[in-house]
Amino acid sequence: MNIETWLAFVAASLVLTMTPGPSILLGVVHSMKYGVRKTVLTALGDISANFLQMLLVAIGLGVVIASSELAFTIIKWFGVVTLLYMGLKMILSKPVQLRAEEFSQSSVPAYKLFFSGFLVAAGNPKAIVFFTAFFPQFIDLAQPLSQQMAIMCPTMAVLDFSWVMFYALSAKKFIGFMKNRPMYLNRVGGSTLIAASGFTALSSRASNA
């Protein structure tokens with residue numbers, strides 16, 4: 001993977017991972033209930049599950065690439081449609097309501113924080129669909145898949161962990177923002193996914209030209 005492709009992947013991943021999902025919302029809740037330092041365990045559980053999901057996607061893509069480049073092209077276009085659908089659904093969905101007054105500081109065993117983060121991420125089937133849709137847009141069939149995934153997976157995991165902790169650190173401000181502008185994050189996140197869909201459609205069309 002060349003530096004230009006990696007930077008494009010980082011830029012796209014940075015925007016997409018900043019959109020609040022189940023893991024980020026869990027991190028916010030844990031930050032309010034147990035403190036920011038303990039929320040690190042929640043974030044570690046999250047990226048552990050995501051890493052396993054990315055590994056499954058990498059294995060699946062490897063099988064597809066080995067069998068047929070046409071099948072891989074079909075998956076890329078499936079990714080375009082999937083990102084478009086997820087973006088529209090996010091824009092139209094109702095915002096999550098979180099209230100700071102609902103949370104109070106309490107204690108919890110460390111392993112429970114880790115496994116709660118792991119289970120929330122592992123129990124989200126959209127993650128595998130998302131990774132399957134997203135990763136192929138940056139894969140070069142002329143280069144070994146394993147080397148490219150060995151770069152992309154840790155990059156995505158680091159960004160995901162960083163955003164969970166960023167929201168955890170600013171939990172009170174985030175909850176206030178969600179309360180005052182309940183639809184803003186949905187619209188921004190959904191628009192980002194739609195823009196990613198358009199970008200990948202154009203890049204796929206250019207690569208097929």
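**Figure 1. Contacts across the whole predicted model.** What you see here is a predicted model. The protein holds 9 helices and 0 strands, and reading along its sequence gives the pattern α-α-α-α-α-α-α-α-α. How many of the 209 residues count as buried? The share is 43% of the protein. The accessible surface of the protein amounts to about 10900 Å², and carbon and sulfur atoms account for 70% of that surface.

**Figure 2. Helix H1 packed with helix H7.** Two packed helices are described by the angle between their axes and the distance between the axes. In this view, helix H1 covers residues 3-17 and helix H7 covers residues 145-169. H1 and H7 pack at an angle of about 30°, and their axes lie 10 Å apart. Because angles under 35 degrees count as roughly parallel, H1 and H7 are described as roughly parallel to each other. The crossing of H1 past H7 is right-handed.

**Figure 3. The residues where H1 meets H7.** Here we move in on the side chains of this helix pair. H1 brings Trp6, Phe9, Val10, Ser13, Leu14 and Thr17 to the contact. From H7 come Ile151, Met152, Thr155, Met156, Leu159, Asp160 and Trp163. How do the residues of the contact of H1 with H7 divide into nonpolar, polar and charged? There are 9 nonpolar, 3 polar and 1 charged.

Figure 4. Phe131 is found in helix H6, which runs over residues 125-134. Is Phe131 buried or exposed? Its relative accessible area is 5%, and since buried means under 20%, Phe131 counts as buried. Leaving aside neighbours within four places in sequence, Phe131 is in contact with Asn50, Gln53, Met54, Val57, Pro136 and Met156. One of these partners, Met156, also belongs to the H7 side of the contact with H1. Cys153 stands 22 residues from Phe131 along the chain, and the C-alpha atoms of Phe131 and Cys153 are separated by 9.7 Å.

**Figure 5. Thr42 in helix H3.** The last stop is Thr42, a residue of helix H3, which spans residues 36-67. Thr42 has a relative accessibility of 2% and so counts as buried. Which residues is Thr42 in contact with, leaving aside its neighbours within four places in sequence? They are Leu26, His30, Leu113 and Gly117.

Key
Residues are numbered from 1 along each chain as its sequence is written. This is a predicted model: local features need pLDDT of at least 70, side-chain atom pairs count only at pLDDT 80 or more; totals for chains, interfaces and linings use all residues. Side-chain values use heavy atoms; hydrogens and water are left out. Helices (H or I, at least four residues) and strands (E, at least two) are DSSP runs, numbered from the N terminus. Buried means under 20% relative accessible area, exposed over 50%, partly exposed in between (1.4 Å probe, protein chains only). Accessible areas come from the Shrake-Rupley method with a 1.4 Å probe; for residues, only the protein chains shown count as cover. Axes are lines fitted to C-alpha atoms, for helices over the stretch in contact, and angles run from 0 to 180 degrees between N-to-C directions. Angles under 35 degrees count as roughly parallel, over 145 as roughly antiparallel, 65 to 115 as roughly perpendicular and the rest as oblique. A crossing is left-handed if the near helix is turned anticlockwise from the far one by less than a right angle, and right-handed if clockwise. Contact means heavy atoms within 4.5 Å. Ala, Val, Leu, Ile, Met, Phe, Trp, Tyr, Cys and Pro count as nonpolar, Asp, Glu, Lys and Arg as charged, and the others, Gly among them, as polar.
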